[in-house]
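Hi everyone, thanks for making time today.

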Amino acid sequence: MMMTSNLLARANTILDLNDDVVGLILELCIDSQVSLIRAASTCKRWRRVIADAAFLRRFRSLHAATVAGDYYNDTPMPLKGVGLVAARKSKGPVFVPSPSLPIDGRHHSLDFLPHGGGKAWAVVDSRGGLLLMTRRRRRVDPNKKDVMMVVCEPLTRRYSEIPPPPAILFSNGFDHYIKGYYLVDGDADEAGGRIGMSNFRVFFELCHALGDGVPHTAAVFAAAGDGSSWSEKAMDQIMAPRHGCAEKTAFVSPHYCRARVLGTVAGSRYTYLEGGTLVALDCSTGEFSSSQLPANSKYSWDLTSWPFSFHAVEGYDGEPRIFTLFFDEMRVFARSGDDGDDGDWRLETSLRLGEATRGLPGYDPSFFTGVKGFKLLTRGPGFVILNTPVNPAWWSTFSVTLETMEVAPAADDLGKIVYQCELPWPPTL
């Protein structure tokens, strides 16, 4: 810092400063990726300084990624009572730009994808500036290398086809089946980017066809600058329930099994195991860890009755939450560690939905007559959207903000999950 002060004291203008000092000033003065791109267009010297891999690596370590917007799979609600299957056909994945950025949503169109453009695909995961997508209504022959999935970068209109895992191809699809798939960071590049079209991984969770539904292996597709490769990661040990539930050896249908994928939230992929155990895959490192949900005298976590359900969602603070719906009661659980990153889970807050919705416009107690549970429509960062089994075209669709537990009418259909998409790193200058 003393050397920098001396250089500044001897400099008359910014033109007298060397590139290292200019870089330090830009790191301190620029607070977002959008501003960084604008600064690079100011002059050739600033562009040269910003384009340096060492500068980009330092900038990435100091500043959070910029969220370009959200994708959701358009899923029109059925119209009950009028004999129609749906109000309209699906529009496919829909992009909603971040309100704080001057982004033209057309630049995130998915019309460049193969086999009919974006309408032929559905988003199943997102990470950084990438989307993992699967074919709608696909029929994949496991004996052929049919395209089952793609990873794409919407802003640069690039995509990479992902074939089925070798274990699926070589077993003719009878020995294993895929339970889940998700994006994981690759190796960091020289500019500090951990995931992009040249460095990403796709994890496929594989289960035995006649097993108990618990994944035993992760087949990993890794893309690198010099090509792609497959590897396997054993999951038997981490997928063992903590409470020592007896191993099931009889055939169990994949539709009713001991493991349930809860989804990717706050940078980790969560899977629930019978007995209240949560297994998390860190999507930055590719490493697994486990934690325990609290014992509950009111109901069991393994209850499969339809009025009860639980889900993973990202909290208002960016940390993971587990929330449950049991009849008209909503409960939210958070990690019990001091920093929220370790420890088991504890009850954070709860809400009686029947009472909380009483003040909404159009409320009518008769709408809740005979209601045995609420249905989750959408989960996104810091919020969920629910409705009652009443005709969903009525007022009965509402949102709950996880920070305040405030309830408000929800007019928009955002699909089941909102997938955040960041601006690609390193930026195109």
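I'll start with the whole chain, then visit a pocket, a cavity and one cysteine.

Before anything else, please keep in mind that this is a predicted model. Everything I mention comes from calculations on that model.

Let's begin with the overall picture. The protein has 429 residues, and 47% of them count as buried. If you trace the secondary structure, you'll find 23 strands along with seven helices. What share of the contacts with a separation of 6 or more comes from residues 24 or more positions apart? That share is 53%.

Now, on to the second largest pocket. Its space comes to about 310 Å³. There are 15 residues in its lining, and the ones nearest the centre are Val34, Ile37, Ile103, Leu155 and Leu423. Sorted by class, eight of the lining residues are nonpolar, five are polar and two are charged. Which domains contribute to this lining? Domain 1, residues 16-63, and domain 2, residues 306-428, each give at least three residues to the second largest pocket.

How many cavities of 30 Å³ or more does the structure hold? There is one, and the space in this largest cavity is about 50 Å³. If you'd like to find it on your screen, look for its lining: Ser32, Gln33, Phe59, Arg60, His63, Ala64, Ala65 and Trp425. In terms of class, that makes four nonpolar residues, three polar ones and one charged one.

My last stop is Cys283. You'll find Cys283 in the loop that runs between β13 (277-282) and β14 (288-292). Is this cysteine buried or exposed? Cys283 counts as buried, because its relative accessibility is 1%, and the cut-off for buried is under 20%.

So what does Cys283 touch? Leaving aside residues up to four places away in sequence, its contacts are Arg127, Leu183, Val184, Asp185, Thr264, Gly267, Ser268 and Arg269. Take Arg269 from that list: it sits 14 residues from Cys283 in sequence, while their C-alpha atoms are 6.9 Å apart in space.

That's my tour for today.

Definitions and conventions. Residues numbered from 1 in each chain as written. Predicted model: local features only at pLDDT ≥ 70, side-chain atom pairs only at ≥ 80, totals over all residues. Heavy atoms only, no water. 1 Å grid on protein atoms, 1.4 Å probe; cavity = no way out; pocket = protein on both sides within 12 Å on 5 of 7 lines; lining within 4 Å. Points joined across faces, edges and corners; volume = space filled by probe spheres on them. Nonpolar A, V, L, I, M, F, W, Y, C, P; charged D, E, K, R; others polar. Domains from an automatic or database assignment. Helix = DSSP H or I, 4+ residues; strand = E, 2+ residues; numbered from the N terminus. Buried < 20%, exposed > 50% of the residue type's maximum accessible area, 1.4 Å probe, protein only. Contact = heavy atoms within 4.5 Å.
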